[in-house]
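This briefing covers strand pairing and aromatic contacts in one protein model. The sequence and structure come first, and the notes follow, grouped by topic.

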Amino acid sequence: MSDDHLYLTAEEAAGRLGVNLPTLYAYVSRKNIRSVKVEGSRKRRYWAADIERLSKGEQRSDVTAQPALDLGNQSSAITLLTDNGVYYRGVSATELADSASVEEAAELIWQSSGAFSNALPVMPESTQALLELYRDMTVSEKAIALFPLVERENPRAFDLSPDAYARTGADVVRILASLIAGRGVPSTRPLHEFLTAELGVDPVYRDLIRRLMVLFIDHEFDHCTYSVRAAARTGVTPYYAAIAGLTTYQGRRTAYSRHQAASRLLSEICIAKDPTPALLQHFSQSGEIPGFNHSTHKVVDPRVGNLMAALVEIFEADNEFKNLLKAAEVANELVRKPPEFVLLASFVGRKCNLVGEELALAGIARTIGWIAHASEQCQQPAARQRANYTGKLP
């Protein structure tokens with residue numbers, strides 16, 4: 001099949017644009033007109049779509065100006081990320097962490113009062129058998145396997161209106177909490193109380209779990225959130241929106257690798273007689289120390305200060321926490337950076353008997369944020385994304 005219809009000769013292109021040939025040649029670089037050489041001659045053919053675009057006065061976007069994640073610049077009314085802090089719907093995340101329950105923070109960010117009702121989702125009969133089969137899997141892997149089955153048992157999940165989306169989102173979050181508990185039986189109890197009891201930890205940890213989860217709910221448009229929003233464009237339920245986020249988080253190019261490295265170093269720090277050698281080893285190899293490098297805030301992440309104050313109050317006499325504080329001092333001397341929020345979150349997970357799954361609590365919280373983004377995206381028109389083609393022309 002001939003591809004002649006895709007191109008114009010120089011004379012045809014200049015005629016369409018109403019310019020002379022020298023001006024057309026100048027447009028090739030200035031106006032991003034694509035062209036290919038005619039074999040056996042010095043002439044070129046010009047991409048008809050580009051000529052048509054210019055004749056209508058339109059500009060072709062420059063590929064270098066596109067964001068790293070190709071969903072375009074999106075608007076959102078959920079989370080404001082600033083150099084000085086994080087705000088959910090205009091409310092400081094750290095102020096919420098001082099007083100709000102996880103449910104209250106979720107209903108704020110979902111803009112749906114009463115989303116956490118006394119109604120629980122219908123769980124599949126095969127739940128316990130599935131969890132037994134997947135007993136050696138992570139919480140994320142169990143959720144990815146279970147959520148499609150739960151969706152089938154709960155037709156209300158297919159109601160994508162904002163309030164219904166939030167109600168199903170509450171089901172998703174409660175099921176995740178039950179998977180951390182290992183039983184797969186969701187509860188209407190406040191999340192921080194349910195998790196404290198099911199994890200068998202000291203009741204004094206209740207407020208720490210609540211605080212961590214409120215602080216971790218959202219951090220604007222990271223890779224996982226982009227993935228969730230892309231899925232939500234197609235009209236998926238909250239179950240599949242959560243699956244999109246949980247799946248993307250496993251990607252080695254997301255924060256996953258960085259978080260895993262920080263958790264491994266945390267384990268070394270906690271069990272060491274002196275954490276200094278472990279930090280020096282990492283620093284000598286790469287000039288960096290996992291858990292003490294990344295920050296989107298120009299000043300200290302206020303979430304770190306908020307959570308650290310709570311940790312000091314509870315663990316001041318704890319040897320592992322003393323090691324963590326010493327590690328922070330050494331790291332500050334080496335890289336001039338404070339602990340990352342994810343490192344402190346991992347420490348909380350460790351103290352809650354979640355060794356190997358230190359970020360499971362944070363994962364529940366981030367799912368709340370994903371549900372908010374999915375719901376917001378779901379209410380917007382599902383316009384098709386177009387690629388800015390940069391490959392070889394036919």
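Phe315 is buried, with a relative accessible area of 4%; buried means under 20% relative accessible area, exposed over 50% and partly exposed in between (1.4 Å probe, protein chains only). The model is predicted, so local features need pLDDT of at least 70 and side-chain atom pairs count only at pLDDT 80 or more, while totals for chains, interfaces and linings use all residues. Residues are numbered from 1 along each chain as its sequence is written, and side-chain values use heavy atoms, with hydrogens and water left out.

**Aromatic contacts**

- The structure holds nine aromatic pairs; rings of Phe, Tyr and Trp (its six-membered ring) pair if their centres lie within 6.5 Å, and planes under 30 degrees apart count as stacked, over 60 as edge-to-face and the rest as tilted.
- One of these pairs joins Phe315 and Phe321, whose ring centres are 6.3 Å apart with planes at 45°, so the pair is tilted.
- Phe321 is buried, with a relative accessible area of 0%.
- Phe321 also pairs with Phe347: the ring centres lie 5.7 Å apart and the planes stand at 50°, so this pair is tilted.
- Phe347, like Phe321, is buried.
- Tyr205, Phe315, Phe321 and Phe347 form one aromatic cluster.

- Strand β1 (residues 7-8) runs antiparallel to strand β3 (residues 44-47), and two bridges join them; two strands pair if DSSP finds at least two bridges between them.
- Tyr7 has Trp47 in β3 as its bridge partner.
- Strand β2 (residues 35-37) is also antiparallel to β3, through three bridges.
- Ser35 has Tyr46 in β3 as its bridge partner.
- β2 and β3 form a hairpin with six residues between them, and Gly40 in the turn has a positive phi of about 80°.

**Sheet β4-β5-β6**

- An open sheet is formed by three strands in the order β4-β5-β6, with antiparallel pairing.
- β4 (79-81) and β6 (91-92) stand at the edges with a single partner strand each, so one side of each is left without a neighbour in the sheet.
- Three bridges pair β4 with strand β5 (residues 86-88) in the antiparallel sense.
- The bridge partner of Thr79 in β5 is Tyr88.

Key
Helices (H or I, at least four residues) and strands (E, at least two) are DSSP runs, numbered from the N terminus.
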